[in-house]
Amino acid sequence: MTPDMELALSARAENIAVVRYALGGLGEAFAVPEPKLSDIRLAVTEACANVVVHAYPDGHYGPMEVVASKDEEALTVLVRDWGRGIGPRPDSPGLGLGLSLIAALADSVQLGHDDIEHTEVRMTFLLGGSQTSTNTLPGTSTVPGTGALQSSGALQGTGSLPGPGGRLT
Amino acid sequence: MTTESLGHADPADQLQQEALAGPTVTDPDEREREGPAPAGNRARVRLLDGPLAAPVLGRVVSMMLARADWPLDRLDAAMLMCDALSAHAFAHAGGASVTFNIDAGEHEAELRVLGLTDNGANGLVKDAMLPVVGNVIERIAERVSVEPGMHGEGPELVLALRARY
């Protein structure tokens, strides 16, 4: 399926603003309600900030891609990079809230990498109708409006990822 | 690499054209070395035919030019050109999507349109004709040219803009 939008930039802090602005255009075109669009912008901003801060060694600006696809029910936004992957980082310069925030804002989140080793954060946002979580894993408690944080196989065992209601499987 | 000129904004404005005749903003060989994503004040946007084209392309281009400190009148002109491109590009696309490469510098910017059919670049420029106003693309861009696409892809429409007249 061809995505509706692919935006490729270098992983620089200033480019996060470009992504946010482009998402505003996406929201306008798809008539996404403003509260939902704010959630989408914030979650994607966090994912992009993670790429800028963590994906590449200091002083290196590798690629960052934002891919958005919409179907009748949901908008899926994929943020990917060619960096060193997602893992524990004791010396992290941030507060460590990024993935938790993403999990709280998106209806589902998947972490992993694709066939050619891009690190990916895939966020799905339900549009219209029910805004409850798509988290249906057996034994998983569901918090309405709170996304499920999932990891693809490649990232299993890379460490715990905190999330208020989200979970790493 | 061969370049087919499609004209420029004002035939009398030879000085500006000559000023742009030096190294292009994006050297094709450099682009090849860069890998999958643009560096610096560059962006690549691939858009599916649909309602996204105008609002997203306009926003990305305006953001890149504003960051390069372009004056408001040229930003406005660039927006007009983006509207023309997004309105007509998909009628000349080789597939469902069209790619726009933006490279914005302080004085010059280059916008490349990729994913067009063999005659798509020429057709796209011709379609940007407005009554009274004339051809929007040719009036706004300092240089309009068609270059062969990389990796056997279709031709690229290359639009060079300047920050100041």
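The structure is a predicted model, in which local features need pLDDT of at least 70 and side-chain atom pairs count only at pLDDT 80 or more, while totals for chains, interfaces and linings use all residues. Residues are numbered from 1 along each chain as its sequence is written, and chains are lettered from A and ligands numbered from 1 in the order in which they are written.

**Confidence in chain A**

Helices (H or I, at least four residues) and strands (E, at least two) are DSSP runs, numbered from the N terminus. In chain A, strand β1 (residues 5–10) has the highest confidence, a mean of 96, and strand β6 (residues 148–151) the lowest, a mean of 54. Residues 130–146 of chain A stay under 50, and the model gives them 28 contacts beyond four places in sequence. Residues 153–169 of chain A are also below 50, with 42 contacts beyond near neighbours in sequence. Two residues are in contact if their C-beta atoms, placed from the backbone, lie within 7 Å.

**Contact between the chains**

In chain A, 23 residues touch 24 residues of chain B. On the chain A side, two or more residues come from each of β1, α1 (13–29) and β2 (63–70); α1(A) gives the most, with 10 residues. That side has 14 nonpolar, four polar and five charged residues. Here Ala, Val, Leu, Ile, Met, Phe, Trp, Tyr, Cys and Pro count as nonpolar, Asp, Glu, Lys and Arg as charged, and the others, Gly among them, as polar.

β1(A) also pairs (at least two DSSP bridges) with strand β2 (residues 42–48) of chain B, in the antiparallel sense over four bridges. Within this pairing, Glu6(A) has Arg46(B) as its bridge partner.

**Helix pairs**

Axes are lines fitted to C-alpha atoms, for helices over the stretch in contact, and angles run from 0 to 180 degrees between N-to-C directions.

| Helix pair | Angle | Axis separation |
|---|---|---|
| α2(A) (residues 34–55) and α3(A) (residues 98–105) | about 155 degrees | 9 Å |
| α3(B) (residues 53–67) and α4(B) (residues 72–88) | about 150 degrees | 9 Å |

α2(A) and α3(A) are therefore roughly antiparallel, and α3(B) is likewise roughly antiparallel to α4(B). Angles under 35 degrees count as roughly parallel, over 145 as roughly antiparallel, 65 to 115 as roughly perpendicular and the rest as oblique.

The contact of α2(A) with α3(A) comprises seven nonpolar, two polar and two charged residues. For α3(B) with α4(B), the contact has 11 nonpolar, three polar and one charged.

How values were computed:
pLDDT = per-residue confidence, 0-100.
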